[in-house]
Amino acid sequence: MLVSGNKSRPIYRGLEPDTFAKHNIIVTDGDGCAAVIEMAIAAGDAFSKRCTVLLCTKDLSDHERDESVRALGPATVWFFPTLETLLTRLDGMLRTARMGTRLYASGSEPLIGSTVKTALAHGIDHRSVSTEHRGSNKRRVQCVHCKGMTEDVTSTAVRCAHCGHTLLVHDQYSRRLAAYMGVRADAEVLGETPASIGVFQ
Amino acid sequence: MTTHNSRLVHVAQVQQVAREIKRFELVSLDETPLPAFSAGAHVTVTMRDRDHVWRNPYSLMGSPLDAKRYEISVLRVPQSRGGSAYMHRNVGIGSVLEISAPVNQFPLSNVGRKHIMIAGGIGITPFLAMLAQIKQDKRNFELHYAVRSVFDGAYFDVLRAADLPNVHLYRSDRGERIALPGILASQPLGTHLYVCGPQKMMDWALQTARREGWPDESVHCERFSAQPSGKTANVKLARSGKAIYVGEHQSILGTFSSDGVDAPSLCGDGQLLHNDHTLSVNEKLTGERATTCATRLDGGSLTLDL
């Protein structure tokens, strides 16, 4: 049912440091942090000192969080309990940032997508954001019928969190919305919905 | 890019605007409006002089809001292939020219928050169209224009007289230089840089931008200098079984048009000197694609899937 090979799906090329950047803003979560640590070690302390890491600690224990901070070395690390609070801070930082600031995102697809979406609003080209997908394959899905967003979707079909219709999750991705498309599963025959399969674990 | 959409135009006005630069105003033959264009676009002018054919790209410098006329400025380059000299020598009011449809490989970014334009000499032309568009859209900008002297720099006096607050003019005969590192160091996020001028100036600007931590996607260049030559080579066309001889100064595409070959894209195994700014570094390395207009050969042979 999934239409694979859809060209709208983003390609995550892996984190790559810009050693000329004067300031680096890195958005990450528990799983993505490993990629950030690998980049920081490879690029060296001079690079790390110019980094501000915005860490979403939603799925992290206090111990795991403290371990991550230690591993990030001289970088400045800020914690956020949810992705929403993190994005509010990111938006504020980008509003006053100067050219020479580079942006990175590593972790789940919703985290990367939301970071790119925030960047676009500040005139940053989506290709200028260095990205790496780590951890869960969960998706953010927009219902094409009611336009409501359903977060952390790990299976298709899925119930829309807003209108309650059963949605098939497509591979068609919107950079503007940072979401995949969800279309009613029983549009042809009312009430006939396929079994839900956990394909985005 | 292609010459399929070519049309004939009248030269309505010619004006000497600097020591070696003439401005040509082009109007359609039958009062119909010319195709709309966006700021930064160019047209390719085809010039025929007995057995010589030149195809030179020139930036449209007039306002994109005015479709009645196209304006181009032509610098006479002494050691060139001869197209600009032909324009200066043979083209006057009432001449008929063949031009391509406008193509834009140097557009203003739609997401950009601010636009910084760096011009050197004749490189000012696309920015004059951009200035008209930016003024209309009330966008944030800076223009830095460097000329050798007031006699060599086209529209220098016009810009000086206009006295716009964000236009900065530099004369290298007075030792004035664009302080690019300082300019790039203090720009708000979302600023885009546009550079058009001599090759050395563009290399310098690209390098400075990278050193200041600017992403490549925020830096735009327009290059119009003639392609360097290659070596003579034989090109085989696999599908049609044709064999074509390409001279040192010829483009593969140039030989196609005289041999009646229609060329979209291709596949090669020769030693390619790519010279283009369209293909990515990876595409160039694999040798699976090449632009037949810009690519030259380092001798040997090449097989194309045509």
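What follows is a set of questions and answers on this predicted model.

Biologist: What box do the C-alpha atoms of chain A fill?
Modeller: Take the box along the principal axes. The C-alpha atoms of chain A then fill roughly 60 × 35 × 30 Å.

Biologist: Is helix 4 of chain A roughly parallel or roughly antiparallel to helix 5 of chain A?
Modeller: Helix 4 (residues 83-96) and helix 5 (residues 109-120) of chain A pack with their axes 10 Å apart. Their angle is about 25°. Angles under 35 degrees count as roughly parallel. That makes helix 4 of chain A, against helix 5 of chain A, roughly parallel.

Biologist: Which residues of helix 4 of chain A make the contact with helix 5 of chain A, and how do the residues of the contact divide by class?
Modeller: Helix 4 of chain A brings L83(A), L87(A), L90(A), D91(A) and L94(A). Among the residues from helix 5 of chain A are P110(A), L111(A) and S114(A). The residues of this contact divide into seven nonpolar, three polar and one charged.

Biologist: Which strands of the open sheet in chain B stand at the edges, and why is one side of each left without a neighbour?
Modeller: The open sheet of six strands has the order 4-3-6-1-2-5, with antiparallel pairing.

Biologist: Which residue in strand 4 of chain B stands opposite M47(B)?
Modeller: Strand 3 (residues 42-49) of chain B pairs with strand 4 of chain B in the antiparallel sense, over eight bridges. In strand 4 of chain B, the residue opposite M47(B) is W54(B).

Biologist: At what angle does helix 1 of chain B run to strand 3 of chain B?
Modeller: Helix 1 (residues 83-90) of chain B lies across strand 2 (21-28), strand 3, strand 4 and strand 5 of chain B. Its angle to strand 3 of chain B is about 75°.

Biologist: How many residues does the contact take from chain A and from chain B?
Modeller: On the side of chain A that touches chain B, there are seven nonpolar, five polar and six charged residues. The contact takes 18 residues from chain A and, from chain B, 18 residues.

How values were computed. Residues numbered from 1 in each chain as written. Chains lettered and ligands numbered in written order. Predicted model: local features only at pLDDT ≥ 70, side-chain atom pairs only at ≥ 80, totals over all residues. Contact = placed C-beta atoms within 7 Å. Nonpolar A, V, L, I, M, F, W, Y, C, P; charged D, E, K, R; others polar. Pairing = 2+ DSSP bridges. Helix = DSSP H or I, 4+ residues; strand = E, 2+ residues; numbered from the N terminus. Axes fitted to C-alpha atoms, helices over the stretch in contact; angles between N-to-C directions. Parallel < 35°, antiparallel > 145°, perpendicular 65-115°, else oblique.
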